[in-house]
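Me: I would like to learn how to read the features of a structure like the one below. Please take them one at a time.

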Amino acid sequence: MTALADAFGRRHTTLRLGLTERCNLRCVYCMPAQGVPLTPTRAMLATDEIEAVARALVGAGVDKVRLTGGEPLVRKDAVEVAERLGRLGLRSLAMTTNGLLLEDRLPALRAAGLTDLTVSLDTLRADRFHRVTRRDGLGTVLGALAAALEAGYAIDGPRSLKVNVVALRGVNEDEAADFAALSVREPVEVRFIEVMPFDGNGWDRAALVPMAETRAAIEAVHGPLVPRDDGPHATARTFNRPGWRGRVGFVASMTAPFCAGCNRLRVTADGALKVCLFGAREVSLRDALRAGATDADVVALVRRALAGKARAHAGMDVLAATGNRPMITIGG
Ligand code: SAM
Ligand code: SF4
């Protein structure tokens, strides 16, 4: 088996799988205000097809799969998908979720072998939660986080726990130090993400809170942050301080892109392979599977797509003016 390498020698070992385009929230930066036209169910990958894609890529060196969406737990068979992928011998089976439906499903997901859990939460204030997500639910998400800690999800343990915070100018930029306080108290990695442009999210450079600014806001309250060694493929630069149980991280996709270390492949809920989050080019693995593709055929398609993977994304202003799917249909 040769690695899934591209023309720049990047070996792709991580697969992000969108389980659905549906969501029980309407985050302003992700879901266009008018919603998205939903792809008919027959056009979505069936459970067997998801398993087939994952199995083929695991055979070619992928050792980490992250389930995402839309909201992955809105998909009725999300636990079954996790169970099936949990049997593929992955190093890491991860999920990114908004946490609303997590608490009930956590025991089954844990039993299925879910090793990495990321809960998205942009504010610790109930009124702001509605402003960002156009729905209520802060208490439920905080309850899910507590349940995850209780179930043994924690940084540096066998099952990791992260919180994703999209930093938004004029919305939550004043909460950076409060979120960092969570990392002081609990063994979680709180990651601040620079907001990225996608179709229909009304991206505006003015909404971006650069990593440097969020870091300074945290340091003003908690003191100087100490950098950690994150390795070559990390999307986040992480930091902590003596005495902290957790740490903070910054995903600076806009001000400090990490394309050079990118090892990620994406497959959307309707089976489209994207070799770059920001690349509009797609290959339908669903159509290939339905035409009888074997594991080897799937891998060959992925290799061909990887051969055309760009060295780096085009920069935020070009991206903002370029067509791509809305984030909700890509799978973050
Ligand atoms: N529904 C799940 C959730 O919210 O965690 C999984 C899907 S969501 C698309 C995955 C991650 O992408 C979330 O942490 C979300 O905050 C982030 N995200 C969505 N749109 C974004 C944008 N425009 N810029 C930066 N991050 C974004
Ligand atoms: Fe839903 Fe996640 Fe997008 Fe928010 S970020 S609308 S929770 S898919």
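Me: How far is a nitrogen atom of ligand 1 from a polar backbone atom of Gly-70?

Reply: A polar contact is a pair of N or O atoms within 3.5 Å; within protein, one must be able to donate a hydrogen and the other to accept it, and residues adjacent in sequence count only if both atoms are side-chain atoms. Here the distance from Gly-70 to the ligand 1 nitrogen is 3.1 Å. A backbone N or O atom of Tyr-29 lies 3.0 Å from a nitrogen atom of ligand 1, and a side-chain N or O atom of Asn-164 is 2.9 Å from an oxygen atom of this ligand. This is a predicted model: local features need pLDDT of at least 70, side-chain atom pairs count only at pLDDT 80 or more, and totals for chains, interfaces and linings use all residues. Residues are numbered from 1 along each chain as its sequence is written, chains are lettered from A and ligands numbered from 1 in the order in which they are written, and side-chain values use heavy atoms, with hydrogens and water left out.

Me: Which residues surround ligand 2?

Reply: A residue is near a molecule if one of its heavy atoms lies within 4 Å of it. Around ligand 2 these are Cys-23, Leu-25, Cys-27, Tyr-29, Cys-30, Gly-70, Asn-98 and Ile-328. The shell has six nonpolar residues, two polar and no charged; Ala, Val, Leu, Ile, Met, Phe, Trp, Tyr, Cys and Pro count as nonpolar, Asp, Glu, Lys and Arg as charged, and the others, Gly among them, as polar.

Me: In what order do the strands of the open sheet run?

Reply: Strands of a sheet pair through backbone hydrogen bonds, either parallel or antiparallel. Two strands pair if DSSP finds at least two bridges between them; helices (H or I, at least four residues) and strands (E, at least two) are DSSP runs, numbered from the N terminus. The twelve strands follow the order β7-β8-β9-β6-β5-β4-β3-β2-β1-β10-β11-β12, with mixed pairing. β7 (226–227) and β12 (283–284) are at the edges with a single partner strand each, so one side of each has no neighbour in the sheet. Inside the order, β3 (residues 92–97) and β4 (residues 116–120) run parallel and are joined by four bridges. Thr-97 has Val-119 in β4 as its bridge partner.
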